[in-house]
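Dear colleague,

Please find below the structure that I am handing over to you.

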Amino acid sequence: GSVMWTSIIIWNLSNLLVPRARLAVPGDVKCFRMNPTNPYIIVAGLATGQVIMWDLSSVSINGEDIYAATTTTEAKKSQRTPSFSSKVCSVVQVSHSKAVTDIRWLPKGVRITGRGEFRTDPDAKMANYFASTSGDGTFMFWDVRLQETHNADGSLDKNLRWTPVFKTEIRPSGAKMRLSATKFALLKSKKKKCNLAVVSSAGEVTFGSWALEPDEKGKKEGQSFETVRSIERPTTSIAWACYKALIFQKSV
């Protein structure tokens, strides 16, 4: 069937008469986030379970930066909002099997290996990794630094195949089924760098670790999840509050 195209619209607060730009999306957008260290990199999660990325670093509108301030007079010169295509979309076969429900960027200088191990990269110039979750009960981790591949004849393969760096299940201890995640938050801790909280469509609040992290003795602790509370209602949002074990949970 035909693809339903939608848009993410970028507005410039210096002129709200005309949108600054549109990001063309081949499907229904469920969530999106700008890179906190590089606003030209934007990622989104789709209803198909795929993630998609735009790189606007080389984009210009009438010779100006996409985030340049505009005036009402300038806006009237062009009533048509420019549209930009994505740089890459993940391979559907290795993406989430259900709609993506949330996306979070890992901090700058933090990465995860293909074996799920926590690593740091002090020389990183921006946040390069983000995590996505879905109602399929999995976390997937993605690297926005796309790796070039070559054909058998040595020529550059122009078809980028974006696949997750690592994938893990969200299965609380003793549970038979994976958690149908709706939102998650990365928690900051002085001792643990990989803590997170996940909320589900059933109202469960689950804490766990998103990567293998060495303990005080150097032994790598495995990823585990523990459900601590359930309000028996679908939960729509969660937030982390300033070095405290405090979760704001908004339910419908």
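A residue is called buried when its relative accessible area is under 20%, exposed when that area is over 50%, and partly exposed in between. Please note that this is a predicted model.

Glu169 has a relative accessible area of 37%, so this residue is partly exposed. Glu169 forms a salt bridge with Arg171, and the closest N and O atoms of the pair are 2.9 Å apart. Arg171, at 33% relative accessibility, is partly exposed as well.

Salt bridges with shared partners also join Arg33, Asp102 and Arg104 into one network. In general, side chains of opposite charge can pair when their charged atoms come close.

A further salt bridge brings together the side chains of Lys87 and Asp55, with a distance of 3.8 Å from N to O. This pair links distant parts of the chain, as the two residues are 32 residues apart. Lys87 lies in the loop between β8 (83–84) and β9 (88–89), while Asp55 belongs to strand β5 (residues 51–55). Lys87 counts as partly exposed because its relative accessibility is 45%, and Asp55 counts as partly exposed at 25%.

Asp28 and Lys30 also meet through their side chains in a salt bridge, at 3.5 Å from N to O. Asp28 is partly exposed, with 31% relative accessibility, and Lys30 is partly exposed, with 45%.

Across the whole structure, the search finds nine salt bridges, including the pairs of Glu169 with Arg171, Lys87 with Asp55, and Asp28 with Lys30.

Yours sincerely

Notes
Residues numbered from 1 in each chain as written. Predicted model: local features only at pLDDT ≥ 70, side-chain atom pairs only at ≥ 80, totals over all residues. Heavy atoms only, no water. Salt bridge = Lys/Arg side-chain N within 4 Å of Asp/Glu carboxyl O. Buried < 20%, exposed > 50% of the residue type's maximum accessible area, 1.4 Å probe, protein only. Helix = DSSP H or I, 4+ residues; strand = E, 2+ residues; numbered from the N terminus.
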